[in-house]
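Student: I have a model open and some questions about it. Can we go through them one at a time?

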Amino acid sequence: MNAFTRRKFLQTTLLGGLASPCFGLGSAFGQTNTAGAARASYEGVSDDEILLGTSAAFSGPSRGLGIELYRGAQACFTQVNERGGIRGRRIGLKLYDDGYQPVPSVQNTMELLLRDQVFALFGYVGTPTVTRVLPILKKFQEENVYMFFPFTGAQPQREPPYGEFAFNLRASYREETAGLVENFLGIGRRRIAVFYQADAYGRSGWAGVREALGAHGEQIAGEATYTRGAQYSGSMRRQVEILGRVEPDAVICIGAYGACAAFLRDAVDLGLEVPIANLSFVGSENLLQLITDSVEDSERYSRWLVNSQVVPSYEDESIPVVGEYGELMRRYDPEVPQPLRQPDYVPFEKSFVSLEGFVNARMLVEILDRLGDAPTRARLEEAVFTIRDFDLGIGERISFSEQRRQGMQRLYYTVVDRDRFVPLDDWQARFG
Amino acid sequence: MNMNVQKLFRRPLFGIFLLFGIIAVSTSWVCIATVDSQLSEEYESNSRGIAQTIADASVDIILNRDLSALQSLIDQFLEIQGISYIYIVNEDGEFLAHTFVPGIPAEILASDPSNTESVERQLAGADSYVEVGSPILAGVAGTVHIGMDKSVITLKIQQAVGRQMYLISSIFLVGIIAAVLLMNLAAKPVENLLAYAVELARAEQEGEAVRSALLERDDEAGQLARLFLYFSKAADPGKAAEGDRQAPVPGGGA
């Protein structure tokens, strides 16, 4: 897909229409848009399959996010398919790698909609990617194309003009940053600086921090940025120096695990020893692994970490959906299919990201089941809105409606204890 | 003999070198001035257009939407060649979105955020930039600023001048080779004439008759050869009568 060209686009568009199982002499006559007719008649549903489409980061510095999210979702789908699928139709997942880059994500989405003709988009990763894909959904609105549960808490898919084309399950970055700010202010840490990715994701988190601080009459104490795709091997010393000059009480990071781990490492090395918070998107286990694998006294660094999460701890299997997740991850241990598999990536047995993927998939399975025996895109939104006070087994009732397109709001805060993430119960005791 | 011919053409060759040098320097200077002026104007004009486009598109985002949409918008324009940075400030001078890494430079933090005039900037540890601005909603919603990297213009000039110098050098080389060949061609009859004159002098001393194809030529060399023979015989009256039978009238045809 990386070598996508205009010629290839035209070829796939035309060939996709010609290759459609419903394209024939009868359907061609009397139609002004045969490709559109072919798409409308297939819609990603056959007698034995419902085909979903994903574009996510399966390569590059943020590949851990796409891989883990997929693994969690696939654990759920594998179980559903083993049990006969949804009303006789197995769930298929067409995957493309965008490397967490906007342009490939747009090209992949066009492939998914025009050539693969998927039923819905599911499991996208990242704000800069999703933000660029949203206008495509508006373009295809007459064909009722929806995006389900992207792995991003940004606002563009939660508000006009594109909010009506996406359904979110996780809490938003605005809620995550507001929660972090509230807790820091609550323990007297008022000078809050922001370290963020120089793109739409970083800006979304930055805006959340700004808004939350503004509500308390405070401002962002200082800010530093990094370029998307930065790796742990790179230096973040200049960013630490910039933030160090404003003497912050805490730093909120809005980034991916490679850059945020590098920032934590360099901050502690340069003496900036203040709580360093990360959002759920960071990929907590990937971040911690980078630290523990590269420094001898990892606790000296990880003791300053506090990460917000949008799902509960994967260790707490007393929560029904977490218990089910743990069992299915052990049973199936899903792998990313070839050729997207990364031979040098060792997946985590369990992680917050894969748990989120699992929860997303569970919710989608419920929605697809509610479509009945003849699922169509046209009835998809209506099916979503039948989810009211639904108990997914996560300890929070889930509802969707015309005005409510985000299923969950609850946040969880975690810190590192003996190289594992554990719930943070007392902010004052830890960082006061 | 060859040395005499080379000496004969040394000055014309030097003149050709000088002429090409003057052409190369003058055209390069004109090229630099033209490319610099036109590219600078074009880049500034394009940047103003882009700034205006972003300003127009920003109004709805700033008033109604999340700032991540604004960031996504300016990130797309950053892919245009020559655009090095973009930042948007609100009416209070607060930065709403920008593309700086690892942070907003102190020079820009200290500048007037509402200024829309062209400004030359030399940022610490970075290249030189020309910055243009465009107001959002007549300035009441903020200002868009775009910084163009001047090194791109310098590179373009270097490329244009380099291509021109390559062309002039090629023409110069071909011209020199052609000049040498043509001069050698022109020098050949003179060489032959000189050889004939020497042979004529030698034959005069030894009392022999000299025959040469030069005497048959219908050009200046032939006329000079016949003139040499005429003078040779005129200087020796004993041979004049014999010579009268074979020497043509000087200046006449063969």
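Student: Is B:Phe17 buried, partly exposed or exposed in this predicted model?
Tutor: B:Phe17 sits in helix H1 of chain B, residues 2-64. Burial needs 20 or more C-beta neighbours within 10 Å, and exposure needs 12 or fewer. B:Phe17 has 14 inside 10 Å, so it counts as partly exposed.

Student: What distance separates the C-alpha atoms of B:Phe17 and B:Ser37?
Tutor: Along the chain, B:Phe17 and B:Ser37 are 20 residues apart. Their C-alpha atoms are separated by 30 Å.

Student: Which element of chain B gives the most to the side that touches chain A?
Tutor: The contact takes 14 residues from chain B and 22 from chain A. The chain B side divides into six nonpolar, five polar and three charged residues. With six residues, the top contributor on that side is helix H2 of chain B, residues 67-77.

Student: How many residues of strand E4 of chain B are buried?
Tutor: E4(B) covers residues 128-136, nine in number. It is largely enclosed by the rest of the structure, because the buried count is seven of the nine.

Student: How many bridges does E4(B) make with strand E5 of chain B?
Tutor: E5(B) spans residues 142-149 and runs antiparallel to E4(B). In that pairing, B:Tyr129 stands opposite B:Asp149. The two strands form a hairpin with five residues between them, where B:Leu137 takes a positive phi near 55°. The bridges between E4(B) and E5(B) number eight.

Student: Turning to chain A, what radius of gyration does it have?
Tutor: Chain A holds 16 helices and 14 strands. For its 432 residues the globule rule gives 22 Å, and the chain comes close to that, so it is as compact as a globular protein of that length. Its radius of gyration is 22 Å.

Student: What share of the contacts in chain A joins residues at least 24 apart?
Tutor: Of the 432 residues in chain A, 53% count as buried. The share you ask about is taken among contacts between residues at least 6 apart in sequence. Residues at least 24 apart account for 74%.

Student: Where in chain A is the pLDDT below 50?
Tutor: The mean pLDDT of chain A is 91, and 91% of its residues reach 70 or more. One stretch falls below 50, though it has 37 contacts in the model beyond near neighbours in sequence. That stretch is residues 1-40.

Terms used: Residues are numbered from 1 along each chain as its sequence is written. Chains are lettered from A and ligands numbered from 1 in the order in which they are written. This is a predicted model: local features need pLDDT of at least 70, side-chain atom pairs count only at pLDDT 80 or more; totals for chains, interfaces and linings use all residues. Helices (H or I, at least four residues) and strands (E, at least two) are DSSP runs, numbered from the N terminus. The radius of gyration is taken over C-alpha atoms; the globule rule is 2.2 Å times the number of residues to the power 0.38. Two residues are in contact if their C-beta atoms, placed from the backbone, lie within 7 Å. pLDDT is the predictor's confidence in each residue, from 0 to 100. Ala, Val, Leu, Ile, Met, Phe, Trp, Tyr, Cys and Pro count as nonpolar, Asp, Glu, Lys and Arg as charged, and the others, Gly among them, as polar. Two strands pair if DSSP finds at least two bridges between them.
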